[in-house]
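Student: I am new to this structure. Can we go through it by question and answer?

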Amino acid sequence: MRSLAVLLALLVACPRPGLAPPKTGNAAARDRFETARARYEVGDYDAAARELARVAQEFPGDPAVPYAELYAGMTAFRRGDRAQAAAVLGKLHADPQTPDDVRKKAQLYLGFVKVQDGDAAGGRALLEPLAPDDRDEDTERHASLADAAAALGDVPAALEHYDAFFARARPAERAYVLMRVRALVDKLPDDKLEPTYGRLDKGRVSAAFLGRRLAMIYRASGRDELARSVWSETASARGAAGIEGEERGGATVEGRLLGALLPLSGKRRLVGEAAQRGLALAAGAFGEGSLEVALEDVGEAKGRAAEAVDALAARGVVGLVGPADKDAADEAARRAEALGVPLVALDVGDVPLAGSPHVFRIVVPVEARARALAAWALAKGRKRFAILSPDIPYGQRAAAAFRAEVEAGGGAIVADEKYPKDATSFVGPVGKIKDAAIDALFVPDAAARLELVAPQLAVADLVVAPPGAKKPKRGRAIVLLATAEAIAPRFLKGSGRYTNGAVLAPGFYPDDGDERIGTYVARFRNVFGEDPTYLDAYAYDAAMLLRQAVERGGEGRDTVAAWLAAVRGVPGLTGDIAFDGHGNRADRGVLYTIADKGDGFVVTALRR
C-alpha cells in the first residue's frame, strides 16, 4: 500500500505553517515545541523526535503536550515506524480531551498509516470525511484514498482520486500516476467502462485512457459515430496524459509505450514499488507525456509472468522491463522470445542468458563486479589476496570469478575462508586470515554484513586504508574490496571509520557528487524525498535504454532488439552499458570508494 505514498515525502521538505499550542501554557514548553516542529518541517526527524519527547517529559500537563505528541506520531510515520505512529496517533484520536485541531490532524495521519499498513477500509473511513486546509496534506490524502480505493476494488473512486493528485503533480510524479491509472483502466471489464467513463470528468487523465478503450470497442463494433464522439470529448484529457492524438488499434506497436512486468502484490511488492519509481523518473525525463509505461502485476503464481507478457504485447508495447524475480524473469523471457518482444530483465540471475536474441539482463552480475575489483587492485600493485565469503552460491560465484581474475593478472590467493550465511560474529574467520601475508581482502556480501565484518578487521589489526596511505601506527594496512550489495548512505555513520579507502562494487550508489549520477539523485530526492536504491537505478537504466533504442534504431520490435544487442558503452547510472552476444551485461559497472573528507566519510564513484 506504499505505492503513491512514497512519492509524498517531499511534501514535508518545505517549511510551512503548522499547528501551534495555545499561549496559556509555559512559554518554555511552547519554544521547545516550536523548535521541534521546525526540525520536523525540514525533515530532520531524529532531532525532532528528541525535542518532542523532552516537551512531554519536562512539561507534563502543559497545553503543548498534545501538540508534541501529535508531531511525535507524525514524525514516527515519516521515519517509517508505523507501529509507533499508530499507537500515538490512535491514542490522540480516541481521547475526548484531545484538542479538536490535534484530533483532526491525528485522524489524517492515522488514515495514512492504516492505508500503508494494508487496512484500506480503515484508512478510507478516516480520510474520506476530511478536507485539510493544507494543500500538500490534501494531495497526500487523495493519493492515499486512491491506493485504498484501488485495493478495495472501487476503480471509479480510485480514478477520481488519481485525477486529483495528477492535477497537482510534477512530471515524474505524473508519469507514476499515469502508470497506475493505465493499469486500472486496462483491468476494468468491458461492461464497466461506460458507467465509469460517465462518472468521470472528461478533461481529466483517467478519461483519456477510458475514452481510448471505449473508442476502440465502439470502432470494432461498427459504432463509428460513438467512437468519434468519445475521441473528441477526451482530446484535452489525452493532451494532459500525453497520449498521441490518433486512434490506434490494440495490436499496433507504439514506440512510446513500454511495458513493465513488476510484482505489485505479494511478498515482493516493495521490489515492484522501487522499480516503479525508477520507471517514473525515466518517463518524466522526456517531458510530460513523451514516454508511456503500461504496468502488469506478475504476482507470485506460476504462469502469471507469461500471461502478463501476452497482455502487454497485445497492447502494442515496443519493449518490456522486468521482472525482478528469477523464476518470473525466466518465464517472461521464454514468452517474450516466442512473441518477438524485446525484454530487459531486472533479475540478478545465476545462469547467463543464451540463445534469446530479444532478451537482455540489465543487472551487472556479481562475477563481473568481482573481476572489476580484482583488476583494480592488481592495477594498484596489490599481489597477495585473501577472500572472506559467505558459504552460499552467491559467495562461491563471486569468489571463483575474483580468483580467476587475480591469477590471470599474476596475483595469488593466499587465504580463502568462508562463513555461514547467517553469521553475526566473524572472530573465527578473520582470525584465520589475520596472520597471512596479504595486501588486500575481498568480501563479497551485502553492506549489512560488511558492517559486522569491518570492525572485526580493526580488532585483528588489519587496518583498511587506500593504496599509498601512511603506515598505520598499529597493525597492517590492507585494501578492502567488497561488493557491498544494497549499500546506502547510513552505512557510513557506523562503518565509515573502519572502511576508509575501501573499494566497492555494489552496482549503484547515490553519489550526489558524481556528474552523471548526481543529476539523477537530485531529481529523485526532489520527487520522492529519499535516496534512490539500486532497484530504482536499474529500472531507470532499462527504460532509458529501451527509449534510446526506439529513437536510434526504429520503432519495430526487431530493430529495437537488434540495437540493444549492438550496444557498446551507452552511459547509464549503473555503468557504460554493454551487452555480450547473448544479452548478458558485458561491462563491469561502476566502482566506488569510501573517502574521509575531514568532516565525514563519503562514497564516491571512481571514474577512469
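**Salt bridges, pocket and core**

Tutor: Begin with a network. In this predicted model, salt bridges link Arg182, Asp186, Lys187, Arg212, Glu292, Glu296, Arg304, Glu307 and Arg315.

Student: How many salt bridges does a search of the whole structure find?

Tutor: Side chains of opposite charge can pair when their charged atoms come close. A pair counts here when a side-chain nitrogen of Lys or Arg is within 4 Å of a carboxyl oxygen of Asp or Glu. Over the whole structure, the search gives 49.

Student: Aspartate 154 and arginine 124 meet in a salt bridge. How many residues apart in sequence are the parts the pair ties together?

Tutor: The N to O distance of this salt bridge is 2.6 Å. Aspartate 154 sits in the loop between helix H7 (135-151) and helix H8 (155-166), and arginine 124 in helix H6, so the pair ties together parts whose separation in sequence is 30 residues.

Student: Is arginine 124 buried or exposed?

Tutor: Buried means under 20% relative accessible area. Aspartate 154, at 23%, is partly exposed. Arginine 124 has 17%, so the answer for arginine 124 is buried.

Student: Arginine 168 also forms a salt bridge, with aspartate 138. Where does aspartate 138 lie?

Tutor: The two side chains meet at 3.3 Å, N to O. The pair links distant parts of the chain, 30 residues apart. Arginine 168 is in the loop between H8 and helix H9 (171-187), while aspartate 138 is in helix H7.

Student: What is the relative accessible area of aspartate 138?

Tutor: Arginine 168 counts as partly exposed, at 31% relative accessibility. Aspartate 138 is buried. Its relative accessible area is 10%.

Student: Which residue forms a salt bridge with arginine 369?

Tutor: The closest N and O atoms of the pair are 2.9 Å apart. The partner of arginine 369 is glutamate 485.

Student: Which helix gives the most to the lining of the second largest pocket?

Tutor: This pocket holds about 580 Å³ of space. Its lining has 23 residues, and Val348, Gly349, Tyr394, Glu485 and Tyr534 lie nearest its centre. Helix H18 (393-408) and helix H23 (534-553) each supply at least two lining residues. The most, three residues, comes from H23.

Student: How many residues of that lining are charged?

Tutor: The lining includes 13 nonpolar residues and two polar ones. The charged residues number eight.

Student: How many residues does H23 give to the largest nonpolar core?

Tutor: That core has 86 residues. Leu279, Leu346, Ile362, Leu441, Leu545 and Leu564 touch the most other members. H23 gives the most to this core, and its share is 11 residues.

Student: How far apart in space are aspartate 330 and alanine 549?

Tutor: Aspartate 330 is in helix H16 (residues 326-339). Aspartate 330 and alanine 549 are 219 residues apart in sequence. In space, C-alpha to C-alpha, they are 23 Å apart.

Terms used: Residues are numbered from 1 along each chain as its sequence is written. This is a predicted model: local features need pLDDT of at least 70, side-chain atom pairs count only at pLDDT 80 or more; totals for chains, interfaces and linings use all residues. Side-chain values use heavy atoms; hydrogens and water are left out. On a 1 Å grid over the protein atoms alone, a cavity is a set of points where a 1.4 Å probe fits but cannot get out, and a pocket is an open set with protein on both sides within 12 Å along at least five of seven lines; lining residues have an atom within 4 Å of a point. Grid points are joined across faces, edges and corners, and a volume is the space filled by probe spheres set on the points. Helices (H or I, at least four residues) and strands (E, at least two) are DSSP runs, numbered from the N terminus. Ala, Val, Leu, Ile, Met, Phe, Trp, Tyr, Cys and Pro count as nonpolar, Asp, Glu, Lys and Arg as charged, and the others, Gly among them, as polar. Buried means under 20% relative accessible area, exposed over 50%, partly exposed in between (1.4 Å probe, protein chains only). A nonpolar core is a set of buried Ala, Val, Leu, Ile, Met, Phe, Trp, Tyr and Cys residues joined through side-chain atoms within 4.5 Å.
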